[in-house]
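The sequence and the coordinates are shown first, and the description follows.

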Amino acid sequence: MSEIRIITGNEAAALAVTLCEPKVVAAYPITPQTKISELLSMYVETGTLKAEYVRVESEHSALTVLISASTVGARVFTATSSNGLLYMHEQLHWAAGSRLPIVMCCVNRGVGAPWSIFNDQQDSMSQRDTGWIQLYCRDNQEIIDTVIQAYRIAEQVYIPTMVCYDGFVLSHTMMPVEIPEAAQVKNFLPPYRPHTFLDPERPRTINPVFFPWRRENAEGVLCDGYMEMRYKLQRDFDTSLEVIEDVNVQYTDLFGRNYGGLIWEYQTGDADIFVTGMGSIAQEATLAVDALREEGIKIGVVGIRSFRPFPKEKLIHAFSRARIIIVFQKAISYGNEGGLSTEVKAALYGSGIDAPVHDYIAGLGGRDVKTRELIAAIRDTLERSGGGDCKNKTTWLNCHRG
Amino acid sequence: MHENLFKINEKEYILPGSRACQGCGLSIAYRYILKALRENTIVAIPPSCLCVLHGLYPNTSVTVPALNITFAGNAASASGIVAALTALNRPDITVLALSGDGGTYDIGIQSLSGAAERNTDFIFACYDNEAYMNTGTQRSGATPMGAVTTTTPVLTKKDHKKDFIRIMEAHNIPYIATVSPAYPIDLYEKFVKAKRIKGTRYIQIDTPCPPGWGYPAKDTVKIGKLAVETGIFPLLEIEDGKLRLTGRSNTLSVKGKRMPIIHYVERQMRFRKMSIEQLNQLQSWVDKRWNDFTNRADN
């Protein structure tokens, strides 16, 4: 029997990691991630988790340790937040370019300056183009289940995977969570098979300098150039769309919990007004939808679980009847708009769906987003849309703009 | 011929066709390092001349496994290799992180300090060619006073070289040594010894560089010997806090016939703009350091 415990998001993540049995863990503390590194240290010191824990002196080194440990053939884990993730930036690219199935939790936090320890998603969203899969969680149950899925996904497509969840809102909030059984997780997650070993028995120089063209090896075989390797990473991101869906289906079969794979939907059956977002703000939006449906408004939520790969086809299908789309997001692409809005608009381009996409920036630096504020924002949007106003306006929710 | 030459492992681990420059001090050092450490070795490499020496994908002239990593992280990379080898129960492999002076003194110091503080079980060797040579001779924390580099092109470097031996000593690691490719037997023996020691071992390699230092490629060994003869680069090892001068440096400390630094300086174009004051300051810096080492030496 699996056990139900009342735990924080960080404890859910740490328990999931323990169930996945990584061989090497390296992390540097940063609020609100810190508890994961503390719990994993304890699990390693008490023997619950049989792994090497490298207590590094920085986030840059944390990810560097994992890159090299993964290249030797170990399953690995780290966690970070905010400026810690940004300090890893160079190594995020290196990990993806090395095609290493590293799994990391990003406990989402605002980025300095000025300092904020509180939640938004500017940290992970600003790392969009580093070549990592990014999955966003709604609640603590989804955190534990997504970490387990992340290893399965990453090790199938050899792309590092970031499990993102909102700092404090989830990381420090206790919820009942069903802990999967260790034997079942073992059954779901086969042992890690590295694509390339760093091994004296088979010496090779890994990640040397490439010239712009393809070159022959000593046997006269023409080998990939830099651009071919980049193409293959992108090709495997395309494959990962199916893999994420497939892994979700298999997980549902085994554990009985379904997260929808790339996206999830709430009350969309007859909806023509759609709210979308990632993480806890999208979950909050389901409460707003409940309230508005009582007034007869045909509204639903499409939650985006996978930001990379971005599920274009899935969204086109989900929004096929959309009259209005409202995006709530906890990040801003300065000089343009909320990054998620841009992505949604780009996905719909040429699809025949010409619903206006309303862009809301909300909850930056931990500013609370209450259900009633989402309801008011949705109402306001509907009124403006009725008057024909809409297309390229960004609204800062609950922000003094005097 | 020195009798110890016959003890050196005959096997070559670097095949003909490396991409290093003619007369490269690193090539000589690396050849003897790998002879000493042998095949059961993994090398961690940051962007540097070593990365160039290893060649362009898909070919390499080096027959031990090697992993390239970004500039700041070589010691962390080695930590990751060591952690995974431990976790996967393969403890018999020697892990060598080999960085240039930039990857050691400057951008690499944080991860090296962290790895040394954790007493990570690896050898960190710094091939010190005293400037950022791979990018074309820019000033580093290891550049000596008075040297012209492409970022100190007119006024020369104003500051003395960072004393990295003392920095590593402050980490209380079990083994520290200095070596020179001009004295390959001394180099070989120190790497053989380091291989047998557990914990963090730091070895600094004086690495003459013909294009960067401005001397004919045939003179690499000669310049390396002058560095030792003048005492600007003493050959030593420090085990459990005890310092011992080795080889030629030990002889010099006993017989006291150290050459003035001018003999070393005048053969290198990088010192062409050095003033008399700078020369005197460099001589004082060398003398003080030499006296510190010889006073401490426990031979």
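The term pLDDT denotes the predictor's confidence in each residue, from 0 to 100. Chain B has a mean pLDDT of 96, and 98% of its residues reach 70 or more. This is a predicted model, in which local features need pLDDT of at least 70 and side-chain atom pairs count only at pLDDT 80 or more, while totals for chains, interfaces and linings use all residues. Residues are numbered from 1 along each chain as its sequence is written, and chains are lettered from A and ligands numbered from 1 in the order in which they are written. For the complex, the predictor gives an ipTM of 0.96 and a pTM of 0.97.

**Chain B**

Chain B contains 12 helices and 8 strands; helices (H or I, at least four residues) and strands (E, at least two) are DSSP runs, numbered from the N terminus. Its radius of gyration, taken over C-alpha atoms, is 18 Å, close to the 19 Å that the globule rule (2.2 Å times the number of residues to the power 0.38) gives for 299 residues, so chain B is as compact as a globular protein of that length. Along the principal axes, the C-alpha atoms of chain B fill a box of roughly 60 × 45 × 40 Å.

**The two domains of chain A**

Chain A is assigned domain 1 (3-188) and domain 2 (263-396), with bounds from an automatic or database domain assignment. Taken over C-alpha atoms, the centres of the two domains are separated by 28 Å. Their contact (C-beta atoms, placed from the backbone, within 7 Å) takes 24 residues from domain 1 and 19 residues from domain 2. On the domain 1 side, helix 6 (122-125), strand 6 (133-136) and strand 7 (161-166) of chain A each give two or more residues, and strand 6 of chain A has the largest share, 4 residues.

**A sheet in chain A**

An open sheet of 6 strands in chain A has the order 12-14-13-16-17-18 with mixed pairing; two strands pair if DSSP finds at least two bridges between them. Strand 12 (263-266) and strand 18 (394-396) of chain A stand at the edges with a single partner strand each, so one side of each is left without a neighbour in the sheet. Within chain A, strand 13 (residues 273-277) and strand 16 (residues 324-329) pair in the parallel sense over 4 bridges, and T276(A) has V327(A) as its bridge partner in strand 16.

Angles run from 0 to 180 degrees between N-to-C directions, with axes fitted to C-alpha atoms, for helices over the stretch in contact.

| Helix of chain A | Strands of chain A touched | Angle |
|---|---|---|
| Helix 12 (residues 339-348) | strand 13, strand 16, strand 17 (357-361) | about 150° with strand 16 |

**Where the chains meet**

The contact between the chains takes 40 residues from chain A and 40 residues from chain B. Strand 3 (52-54), helix 3 (59-72), helix 5 (89-97) and strand 9 (205-206) of chain A each supply at least two residues of the chain A side. Helix 3 of chain A provides the largest share, 10 residues. By class, the chain A side has 21 nonpolar, 11 polar and 8 charged residues, where Ala, Val, Leu, Ile, Met, Phe, Trp, Tyr, Cys and Pro count as nonpolar, Asp, Glu, Lys and Arg as charged, and the others, Gly among them, as polar. Strand 9 of chain A also pairs with strand 2 (residues 66-68) of chain B in the parallel sense over 2 bridges, and T205(A) has A66(B) as its bridge partner in strand 2 of chain B.

Methods: Contact = placed C-beta atoms within 7 Å.
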